[in-house]
Amino acid sequence: MKNIYIALTCLVFAFASLPTHASYRIIDPNNDIQEYFRVAGSVLSGSQAPVANASIMIRELQKGTVTDSNGNYVFEQVPTGNYTIEVRYVGKKMVSKKITVNDNSIFDIVLYNENEELEEVTLEGQTKNKFEASKETSSVGKMPLRAIETPQVYTSIDGEVLKNQFIFTVDDAYRNITGLQKMWSATNRAGDGGAFVNLRGFIVNNPLRNGLVAPVTTTIDAINIEKLEVLKGPSATLFGSNVTSYGGIINRVTKKPNENFGGEVAVAGGSNNYYRAQADINTPLTNDKKLLFRVNTAYTNSGNFQKKDAENSFLVFIPSLTYKFTENLDVNLEFEMLDTDAVPDQFLFYLSPALGVDNIEAIEDWGLDYKNSYMGDGLKTKSKTRNLYGAINYTISDHIKSSTNINSSYSQSNGYNPYFYIAPESTFTQDPADTEMGVIRSDQSTVDSKQKYFQVQQNFNFDFHLFNMRNRTAAGFDYLRREDEQMFIFLSAFDWVPFAGGNYDSLNAESLETTYETLRNTPGYDFDANNTYPITGVLNTYSGYISNVLTPVPGLNVLTSLRYESNNFEGGKSGQAATPEYTQGAWSPKFGLVYELVKDKVSVFGNYQNSFTSNGYILTSSDGEFVLSDPERANQWEGGFKTNLMDGRVNATISYYNIDVKNSLLNTGEYVGAQAVQKQSGSLTSKGVEFEVSAFLAKGFSLIAGTSYNDSRYTSKDELDADVYNRRPTTASSPWLTNFNASYRFMDGKLEGLGFGAGGNYASDNKIVNSNSQGVFILPSYFVLNANAYYDIHKFRFSIKADNLTDAHYWTGYTTANPQSLLSVVGGITYRL
């Protein structure tokens with residue numbers, strides 16, 4: 001431990017001692033004949049990080065240059081006059097603005113992502129100017145709206161933030177999202193393998209890429225992430241019921257090809273035998289720059305804090321093409337390939353107050369070894385993800401745009417998925433005298449499990465005036481097909497081992513396979529009925545939507561949206577029980593109101609959002625009567641304030657929300673065969689407050705921070721819910737969550753190019769058991785601190801990060817306890833082409 005801290009400190013000081021570029025002196029030559037001036041400045045990303053190797057040109061003079069490693073540029077001897085300055089960089093919107101040169105001038109230029117809309121800016125003065133591009137996104141409302149005029153709460157994390165924090169996965173990027181808590185790591189299983197998080201008291205997966213369904217069932221690599229968007233609250237109106245949670249949705253916006261050659265390659269290595277190599281290369285393929293190509297790829301091999309020699313491997317390969325037929329028509333193609341061969345993280349199930357304690361720390365006191373994986377070798381799952389995405393974008397006129405999107409998604413998995421629960425030995429041996437506490441080891445494997453999606457989506461955007469009132473409209477239709485061919489095999493109890501001193505290697509790939517084969521070949525034993533759980537079926541979803549933002553007077557925006565969705569399930573199996581076919585449709589409305597109290601600076605907003613779930617046929621009596629259940633519904637009311645202060649450098653949102661869920665299914669405790677008898681009378685309420693801020697308070701300094709409180713309770717007074725009535729659901733995560741990350745980069749002086757940051761996450765107690773009959777079992781509160789540093793020089797960046805600086809033991813999970821990684825340190829080198 002001490003050596004790691006010493007190494008980290010030495011590396012930071014080594015960065016600081018490296019040579020730096022001298023700052024430029026401003027001169028004014030030849031002013032007795034013709035006035036010439038010096039034009040200089042910096043090019044920054046939306047997160048205020050310097051952009052190296054950006055192309056800059058003064059069009060009228062045909063003078064060009066590129067930024068250095070610190071984002072700086074300079075033009076010497078520019079004559080007095082009016083010019084157009086153009087800035088281009090891979091994956092960023094080109095900036096083209098008029099400038100007036102009549103003195104030595106500094107123009108700091110801010111670039112934003114390809115999919116973000118530019119905001120008009122008036123330049124004032126010649127000694128210090130800046131180009132500001134809007135941080136808004138067209139993905140949230142499927143139309144270009146500024147954040148301050150959008151009635152929905154969302155968080156957007158730029159890919160530049162991930163780069164500065166030296167983050168390689170979307171799972172780690174979640175630490176920057178206010179009100180989000182990671183619950184489960186990826187298990188790599190097709191259909192349900194991706195990481196699960198919590199938003200506003202509800203479990204959320206990550207199925208969307210560029211607004212379409214493209215689930216990744218493994219840990220999602222961040223190499224292709226341009227931006228991570230998190231929309232808060234029920235969002236079925238625009239995105240559909242089958243891919244959204246009542247708590248919100250997560251959408252990853254990917255990098256796109258650009259007209260310039262460029263990119264970077266990087267290597268990294270560190271704790272737990274972590275090794276990584278990655279590349280992001282962009283190039284035009286034709287001289288006219290109509291055909292563009294970009295590839296992002298990465299390979300990672302690592303252990304984990306419990307099995308440092310696990311040699312988990314992760315490969316991602318993502319090529320993309322853009323062809324620009326005309327200025328108004330382009331076609332985009334993107335292929336996403338992820339291959340994973342990894343040991344799943346540890347999950348402890350069935351924790352209960354019946355054990356005699358009410359929190360996981362007490363079980364650690366009994367001897368549970370936080371660093372012990374409690375398993376042998378070879379227990380990996382191999383998983384494949386293949387997503388193919390295509391888009392045709394056509395600008396029909398200045399007021400009408402069309403986007404046709406097609407996506408095909410495929411995931412497949414094979415392998416083992418061990419899990420554990422705490423119990424006395426007697427649970428396994430059935431001898432009451434065996435009272436020693438330990439771990440029962442189990443497994444739930446997948447065998448050639450598959451899940452497929454196919455989606456076609458047509459969107460139109462309109463921008464027009466009616467009776468002198470501006471209307472911005474998004475309308476479209478969507479077809480989504482999901483095919484499940486999943487097969488799980490399970491072993492509820494392989495054996496029992498003590499907390500310490502046991503033969504933990506005895507649970508391995510060979511021993512598990514032998515056990516399964518023995519059961520399959522046991523005379524009279526029905527392996528399929530006792531040890532398999534298939535999930536099959538085909539669901540076709542047809543839907544159409546329309547959303548309109550009316551601006552009756554400047555500063556006032558009124559949003560109305562409506563979606564109709566029809567779900568056609570063709571039938572299948574869930575375990576050994578057949579699931580009947582059904583067809584069910586539902587309407588999903590959405591309303592919002594925004595008024596700018598101070599134009600472009602402060603707005604007040606409110607919204608009503610809706611989502612639903614089609615649960616299909618349910619068994620309603622022990623006589624075997626099936627009925628088509630009504631859709632379960634979630635309705636949110638929300639209000640709050642948004643700010644856009646200091647020329648867009650301080651963005652903050654504070655909101656209060658209330659989400660009511662009705663028509664939830666409750667089990668009566670009766671069964672007909674393997675089918676549970678159910679009653680549709682459950683309900684719950686989730687309400688809370690959120691505050692988040694992103695700020696660039698000074699040149700080189702940025703802050704992302706937020707805090708949230710959620711109060712979720714079962715509200716149904718049905719006798720079936722009596723055991724949990726007015727209690728917090730065990731899936732609702734920690735009520736209090738806080739996140740922050742502060743970073744600073746020296747922009748000049750002897751330390752120019754040195755940057756460093758620190759961040760952390762706090763979560764209050766998480767009740768994973770919470771009922772009147774069983775009592776409460778808690779995962780205690782935690783605070784995790786992370787830090788990073790980097791140094792840019794010429795075309796190189798040297799980076800280092802340390803996660804969980806205090807080496808804290810902390811647990812996440814819902815209904816489970818999942819130990820999280822201890823202190824880890826990773827360093828790396830990036831070379832920019």
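**Close-up views of cores and rings**

**View 1. A charge over the ring of Y790.** The charged end of R797 lies 4.0 Å from the centre of the Y790 ring, over that ring. A charge sits over a ring if NZ of Lys or CZ of Arg is within 6 Å of the ring centre and within 35 degrees of the ring normal. K642 is over the face of F605, 5.3 Å from the ring centre. The model is predicted: local features need pLDDT of at least 70, side-chain atom pairs count only at pLDDT 80 or more, and totals for chains, interfaces and linings use all residues. Residues are numbered from 1 along each chain as its sequence is written, and side-chain values use heavy atoms, without hydrogens and water.

**View 2. The largest nonpolar core.** This core has 39 residues, and L351, I360, I363, L368 and I422 have the most contacts inside it. A nonpolar core is a set of buried Ala, Val, Leu, Ile, Met, Phe, Trp, Tyr and Cys residues joined through side-chain atoms within 4.5 Å; buried means under 20% relative accessible area, exposed over 50%, partly exposed in between (1.4 Å probe, protein chains only). Another core, of 25 residues, lies apart from it and includes V161, V170, L228 and V230.

**View 3. Aromatic pairs.** Rings of Phe, Tyr and Trp (its six-membered ring) pair if their centres lie within 6.5 Å; planes under 30 degrees apart count as stacked, over 60 as edge-to-face and the rest as tilted. The count comes to 30 aromatic pairs. Y73 and F75 are an edge-to-face pair, 6.0 Å centre to centre with 65° between the planes. Both Y73 and F75 are buried.
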